[in-house]
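Visitor: I have a model open on my screen and would like to learn how to read it. Could you walk me through it?

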Amino acid sequence: MSNATLAELQAAESKLLLQTYARYPQQLVRGEGVHLYDENNVAHLDLLSGIGVCALGYNHPVITRAITEQATKLIHTSNLFYNANTTELALRLTEITGLDRVFFSNSGTEAWEAALKLARAHALMLRSGGKTIGTKFIAMEHSFHGRTMGSVATTHKKLYREPFQPVMPDVVFVPYNDVAALKSAFNSDVCGVCIEVLQGEGGINLVSEEFLRTARELCDSTGALLMLDEIQSGMGRTGKWCAYQHFNIQPDVTTLAKPLAGGIPIGAMLCTEEAARSITPGMHGTTFGGNPLATGVAIAVIDEIKQSRLLSHVEEVGAYFLDQACILSAKHKDIVAVRGLGLMIGIDLSSEPLAKAVFAGLTARHILLNRTHETVLRFLPPFIITKAHVDELITSLDAELVQHSTAAAEPIAAATQR
């Protein structure tokens with residue numbers, strides 16, 4: 001059905017696919033830079049990038065070349081054999097994260113599954129050495145770690161978790177950034193503390209330094225693992241390779257995925273040498289994870305981010321994006337909050353109906369984004385966006401808020417002076 005119309009695809013999918021997605025009524029057929037094109041060749045400014053995946057945008061020559069060159073050599077063997085790409089990518093990832101060892105998976109949720117299994121195995125190893133430590137995890141309210149059974153057990157939203165009960169036991173949730181609650185929940189029964197440094201699905205919430213440092217100190221006191229999920233916030237999204245690097249606090253475990261290979265499926269769980277001691281051959285594995293194609297493309301993506309100095313670009317354009325959004329929030333009382341870091345930004349509106357209306361309006365203006373936590377407009381653009389693209393979004397968002405707002409807008413000039 002390569003030449004099918006949108007209506008034909010919708011009819012076919014309604015019969016053929018498991019209904020797991022409420023799709024946008026658009027068929028996208030190609031991409032170039034920061035734009036996606038539909039079947040009518042209409043350009044859409046993409047501020048979602050495949051939910052944080054397409055860091056280099058679309059049809060980037062570095063990715064196209066890496067895919068083509070590797071495909072002519074070797075796409076897959078298995079993890080029973082050595083491949084230079086696997087080692088080369090592991091070297092790059094350990095260098096940029098400060099951790100020691102890597103396990104490659106096919107996705108973010110599988111990387112988080114590996115992290116959960118590692119924490120349990122590490123606790124078992126410590127118990128075998130006479131240490132008192134249990135099997136419980138502390139996870140955060142409004143967290144999202146994935147859809148598989150372990151990952152969803154540490155995901156807070158009931159819609160994602162409760163239909164599949166009983167999920168993995170021994171998980172307790174505490175309010176994000178509530179230091180007292182974290183201290184109260186923590187004891188020697190805990191084997192891991194699970195934190196997204198910058199919550200994505202939960203509404204773009206940034207961890208506080210006090211909360212993260214407290215988690216580090218608590219884990220150090222018992223041997224529990226500090227597990228930082230950087231699946232959405234990692235690989236340069238915040239202007240540093242990992243969001244935890246803004247705080248100079250090192251985890252025992254981190255997970256990466258979304259932008260790692262620019263759209264080729266791959267995930268990675270990284271850990272310290274100490275944590276890695278608990279895993280031996282046969283305890284965990286994967287068929288496709290870390291194959292030559294995915295690792296080869298990931299190497300190319302990392303090298304391009306470095307060579308094009310995209311981390312500083314993300315920091316600069318992200319700061320501009322946040323500034324412009326804050327100026328807009330001073331004009332529109334229906335903007336409750338602007339949150340984020342780098343190019344991971346959320347604009348929280350005053351109600352779900354308003355957020356739906358503004359989202360629909362921006363979509364009609366050919367701007368792609370998504371809405372999370374009911375009221376938050378989430379922006380995860382490609383790293384290559386410019387200030388001009390930000391201006392295009394802000395102008396359109398201003399117009400939509402003027403049209404749909406429940407409160408009178410103030411002049412932009414007045415907002416700028418505040």
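Visitor: Which strands does helix α5 lie across?

Guide: Keep in mind that this is a predicted model. Helix α5, residues 108–128, lies across β4, β5, β7, β10, β11 and β12. Its direction is at about 180° to β10. Helix α4, residues 84–97, lies across β4, β11 and β12, and runs at about 120° to β4.

Visitor: In what order do the strands of that open sheet come?

Guide: First the general idea: strands of a sheet pair through backbone hydrogen bonds, and they do so either parallel or antiparallel. Here seven strands form an open sheet, ordered β4-β12-β11-β10-β7-β5-β6, with mixed pairing. At the edges stand β4 (101–105) and β6 (171–174); each has a single partner strand, so one side of each is left without a neighbour in the sheet. On average, neighbouring strands are turned by 20° against each other, direction ignored.

Visitor: How many bridges join β11 to β12?

Guide: Four bridges join them, and the two strands run antiparallel. To find your place in β11 (253–256) and β12 (267–271), look for Thr255, which stands opposite Met269 in β12.

Visitor: Now for β14: how many of its six residues are buried?

Guide: Buried here means under 20% relative accessible area. All six residues of β14 (344–349) are buried, so this strand is largely enclosed by the rest of the structure. Both faces are covered, with Met344, Gly346 and Asp348 on one side and Ile345, Ile347 and Leu349 on the other.

Visitor: Which strands are joined to β14 by bridges?

Guide: Strand β13 (335–341) is joined to β14 by six bridges, running antiparallel, and Leu341 has Met344 as its bridge partner. The hairpin of β13 and β14 has two residues between the strands, and Gly342 takes a positive phi near 60° there. Strand β17 (376–379) also runs antiparallel to β14, through four bridges; Gly346 stands opposite Arg378 in β17.

Visitor: Last one, a helix. Which residues of α12 are buried?

Guide: The general idea is that an α-helix has 3.6 residues a turn, so residues three or four places apart point the same way. In α12 the buried residues include Leu310, Leu311, Val314, Val317, Gly318, Phe321, Leu322, Ala325 and Leu328.

Conventions
Residues are numbered from 1 along each chain as its sequence is written. This is a predicted model: local features need pLDDT of at least 70, side-chain atom pairs count only at pLDDT 80 or more; totals for chains, interfaces and linings use all residues. Side-chain values use heavy atoms; hydrogens and water are left out. Two strands pair if DSSP finds at least two bridges between them. Axes are lines fitted to C-alpha atoms, for helices over the stretch in contact, and angles run from 0 to 180 degrees between N-to-C directions. Contact means heavy atoms within 4.5 Å. Buried means under 20% relative accessible area, exposed over 50%, partly exposed in between (1.4 Å probe, protein chains only).
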